[in-house]
Amino acid sequence: MEYFIGIDGGGTKTEFVCYDKKEERIGGTVLPTVHFMQAGEEEAAAVLRKGIRRVLPETARPEEVCVCAGLAGYGKNPEIRRRMEGICARSFEGMRYCMQNDGEIALQGALGGGDGILLIAGTGSMGLAKKQKEIKRCGGWGYRLGDEGSAYWIGKKLLEAFCRQNDGRDPETELNERVKASLGLADAYEMISYMNEHHNRFEVAALAVIVHELAGKGEKTALGIYKEAAKHLAELANTLSSCYDGKCRLSYAGSVWKAGGYILKPMKGYLNGKIEVTEPEHTPVYGAYRIAKERFETPHR
């Protein structure tokens, strides 16, 4: 095989990377989401084909290409799996390919293929533990049932704090005016119609950026939201640490971790003594590339 492509298909964007057989990076691009529940099946397939074309040389033939697609939502639901498999079959025609959950490629990238725990905190949240060839999960129930510590959860906590401040239940801070300005609210009670008309989990998750900005100014409510998020994420890790007899590594992936010390520092205080936090070795999309290379590099494998 001449070319190995990794794809990280998340809920908000899709990242592609291509390496040749000498492990040299020859292309990369970022496109909109390929989650069919948002983009539709035909658009998802079109985005996958477009990304493949962008990262491959024009002279590449389909039989020379191997792909690993890590896709959000590709889990145990048989109907969702069937539809996503159909999308990939149409998109990667003539190529060798495999499909993974986006959490599995993040695990491969962050831990370099080794054993340990990965905490994913992006739009949603979940924990994964790898021990040899076994993978166990904790969390990941979706925003209606869980996703504590995720960007959606953080954004929702911001809006709850806004409501409490406008009621007088909590002292008013800079948070109040910052939320009003961000959502274009002339009056606090416009929040009710805003949520009814515009609310979806991706819009709410995007508000996590405001929490980061406020935390940088030392706003206590924002710092408290991060502290509570850190506790929830640590609970996932502590639960998964029972998979290991002794010490275990923990790494992380997802947009929430861009908050750095605001969330990492309090989380470390909630972790049990078995867990050692390490920075991610590689990105999820690199993890997908490594899976493609390991699975398809040897023709008879």
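Guide: Helices here are DSSP runs of H or I of at least four residues, strands are E runs of at least two, and both are numbered from the N terminus. Keep in mind that this is a predicted model: local features need pLDDT of at least 70 and side-chain atom pairs pLDDT 80 or more, while totals for chains, interfaces and linings use all residues. Numbering runs from 1 along each chain as its sequence is written, and side-chain values use heavy atoms, with hydrogens and water left out.

My pick is helix α4, residues 102-110. Seven of its nine residues are buried (under 20% relative accessible area; exposed is over 50%, partly exposed in between, 1.4 Å probe, protein chains only). So the rest of the structure largely encloses α4. The buried set is G103, I105, A106, L107, Q108, G109 and A110. Now look at how α4 begins: a side-chain oxygen of N101 comes to within 2.7 Å of the backbone nitrogen of G103. At the other end, just past α4, G112 has a positive phi of about 60°.

Most residues other than glycine have a negative phi. Q132 isn't a glycine, yet its phi is positive, about 60°. You'll find Q132 in the loop joining β7 (125-131) to β8 (134-139), and with a relative accessible area of 61% Q132 is exposed. D147 sits in the loop between β8 and α5 (151-167), but here the side to note is burial, because D147 has a relative accessibility of 6% and counts as buried.

On to the charges. There are 20 salt bridges (a side-chain nitrogen of Lys or Arg within 4 Å of a carboxyl oxygen of Asp or Glu). Take E2 and K21, whose closest N and O atoms are 3.3 Å apart. E2 lies in the segment before β1 (3-9) and K21 in the loop between β2 (13-20) and β3 (25-32), so this pair ties together parts 19 residues apart in sequence. Both partners are partly exposed: E2 at 28% relative accessible area and K21 at 46%.

Next comes R90 with E41, a salt bridge with its closest N and O atoms 3.8 Å apart. This one links distant parts of the chain, since R90 belongs to helix α3 (residues 78-91) and E41 to helix α2, 49 residues apart. R90 is partly exposed at 33% relative accessible area, and E41 is partly exposed at 26%.

One more pair to find is R61 with E63, where the side chains meet at 3.0 Å, N to O. R61 is partly exposed, with 44% relative accessible area, and E63 is partly exposed too, with 47%.

So, back to where we started: α4 is the helix that the rest of the structure largely encloses, with the N101 side chain reaching G103 at its start and G112 with its positive phi just after it.

Notes: Polar contact = N/O pair within 3.5 Å; in protein donor to acceptor, adjacent residues only side chain to side chain.
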